[in-house]
Amino acid sequence: MKPIYILNGPNLNRLGKREPDIYGLTTLSEVEQMCRDAAGERPVEFHQTNSEERLIDWVHEAIDSGAGIIINPAAFTFTSIALLDALKMFKGPIIEFHISNVHRRESIYHRSYVSMTATTVMAGLGAEGYPLAVKALETLISRGMR
Ligand code: DHK
C-alpha cells in the first residue's frame, strides 16, 4: 500500500509554544501520532522542515511513490511558486491544510499559490483537524479524485 505524505512547512516544529492563541498547545509530535492513528494500515510519511528546498524534495518523493498528500506549507503557501510547480506534478489528491482560518487573518495570508492545484483546502479546525484530513484523504484516494 502506497504511503500518504503529510508535509509541514516552516515554524511548525514550534507547535505548542508558537502563538498558542492561534495554533493551540498540541505539539507536532502529538499531531504526528494522531495522524498515524487515523491512518490505520496506511503507511505515513510525516515530515516537517523550515527549508523550501527540502519541502519540495519531499513532494518529488511523493510524486514517485505517494498515494496522496496533506500539506501545511505554512508561510510558503503564500510565497512559493516553486512549491506550486512541484505539487502540480503530483497525480493523486492533495489536501492543503492550515491549523488556523487563514481567511480570517491578516491579508498576507489570503492568497495561496497552493490552492491553485490542491484538490481541497481545510483551514481553521486547529491541530485536531489533521486526523480529519487523513480520513478525508483516504476518501479522495478511494474515489480516485485529483
Ligand atoms: C501556519 C503558518 O505558519 C502560517 O504561516 C500560515 C498556517 C497559517 C496554519 O494555520 O497552519 O499562515
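In the predicted model, Glu52, Leu55, Ile56, Val59, His60 and Ile63 of α3 meet Ala82, Leu83, Ala86 and Leu87 of α4, contact being taken as heavy atoms within 4.5 Å. Helices are DSSP runs of H or I with at least four residues, numbered from the N terminus. By class, this contact of α3 with α4 comprises eight nonpolar, one polar and one charged residues; Ala, Val, Leu, Ile, Met, Phe, Trp, Tyr, Cys and Pro count as nonpolar, Asp, Glu, Lys and Arg as charged, and the others, Gly among them, as polar. The axes of α3 (residues 52-65) and α4 (residues 81-88) come within 9 Å and cross at roughly 5°. Axes are lines fitted to C-alpha atoms over the stretch in contact, with angles from 0 to 180 degrees between N-to-C directions. The two helices α3 and α4 are therefore roughly parallel, the term for angles under 35 degrees.

Residues are numbered from 1 along each chain as its sequence is written. The model being predicted, local features need pLDDT of at least 70 and side-chain atom pairs pLDDT 80 or more, while totals for chains, interfaces and linings use all residues, and side-chain values use heavy atoms, without hydrogens and water.

For α2 (residues 28-39) and α5 (residues 129-142), the axes come within 8 Å and cross at roughly 30°, which makes α2 roughly parallel to α5. Val31, Met34, Cys35, Ala38 and Ala39 of α2 form the contact with Tyr130, Pro131, Val134 and Lys135 of α5. Eight nonpolar, no polar and one charged residues make up this contact of α2 with α5.

Terms used. Parallel < 35°, antiparallel > 145°, perpendicular 65-115°, else oblique.
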